[in-house]
Amino acid sequence: LMVDERDTGTRAVLAVTPIPPTRMLLIRMLLLTLLMIIWPLTTVYVMNSTWQALDLSLVQWLALVSILSLTASITALGVAVYATNKVEALALFKGINFIFITPLALYFLPASDELYRKLFLLAPTGPAVFAYESFQTRNNLQAWAYLAGGAVYCAAILALCIWIFSRSLYKQAD
């Protein structure tokens, strides 16, 4: 949608509406974040009511999903800033999501405490994967530490994306 706005000139129109562009961007990011919290929680609830395979509390799931929901806004803004057409948008979307899913490789690698495992924390989704594993092993303190670090890391990346988006597309001053 944000790439289409660039193609059709809608973004230029939105930039001069009475609603400040930063407020419109904030509303869009909040709605996206809420959607990306509600949808996965509902999916996990429905699946777990059938299979009872995921033994985490609602608070733990909410924390995990909340951190991961920030990556949707990071993806949307990253694609909107750099893609000039739909083909570039698709390529960027795939590249960004490849970075986001790399921590899942941990489930196919030996479970030792090798140094390479810590490299997966560089991906914005890495702390959530480590937190999930910590919740599974009942190491709640470590899980909450990973989630706190992941929240700060994702929030910093999101703030940078918002700043770049605002600068490049709305030509705002400091």
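Which helices each supply at least two residues of the lining of the second largest pocket? They are α1 (2–8), α3, α4 and α5. Helices here are DSSP runs of H or I with at least four residues, strands are runs of E with at least two, and both are numbered from the N terminus.

The model is predicted: local features need pLDDT of at least 70, side-chain atom pairs count only at pLDDT 80 or more, and totals for chains, interfaces and linings use all residues. Residues are numbered from 1 along each chain as its sequence is written, and side-chain values use heavy atoms, with hydrogens and water left out.

The protein has eight helices and zero strands. Its C-alpha trace spans about 50 × 35 × 30 Å along the principal axes. Of the 174 residues, 37% are buried. Buried means under 20% relative accessible area, exposed means over 50%, and partly exposed lies in between (1.4 Å probe, protein chains only).

Pockets were then examined. Rolling a probe the size of a water molecule over the atoms shows where empty space is left. A pocket is an open set of points on a 1 Å grid over the protein atoms alone, where a 1.4 Å probe fits, with protein on both sides within 12 Å along at least five of seven lines; lining residues have an atom within 4 Å of a point. Volume is the space filled by probe spheres set on the points, and grid points are joined across faces, edges and corners.

The second largest pocket has a volume of about 310 Å³. Its lining holds 13 residues, and L1, M2, L32, T75 and A76 lie nearest the centre. Helix α4 gives the largest share, five residues. By type, eleven lining residues are nonpolar, one is polar and one is charged. Nonpolar covers Ala, Val, Leu, Ile, Met, Phe, Trp, Tyr, Cys and Pro; charged covers Asp, Glu, Lys and Arg; the others, Gly among them, are polar.

The largest pocket contains about 600 Å³ of space. It is lined by 22 residues, with L64, L68, T71, T125 and A128 nearest its centre. Helices α3 (21–51), α4 (58–82), α5 (86–101) and α7 (126–136) each supply at least two of the lining residues. Again α4 provides the largest share, here eight residues. The lining has 17 nonpolar residues, five polar and no charged.

Two salt bridges were found in the whole structure. A salt bridge is a side-chain nitrogen of Lys or Arg within 4 Å of a carboxyl oxygen of Asp or Glu. One joins the side chains of D55 and R138 (2.4 Å, N to O). D55 lies in the loop between α3 and α4 and R138 in the loop between α7 and α8, so this pair ties together parts that are 83 residues apart in sequence. D55 is partly exposed at 49% relative accessibility, whereas R138 is exposed at 53%. R138 also has a positive phi of about 65 degrees, although R138 is not a glycine.

The side chains of R117 and E133 form a salt bridge as well (3.1 Å, N to O). R117 is in helix α6 (residues 115–119) and E133 in helix α7, so the pair ties together parts that are 16 residues apart in sequence. R117 is buried, with a relative accessible area of 8%.
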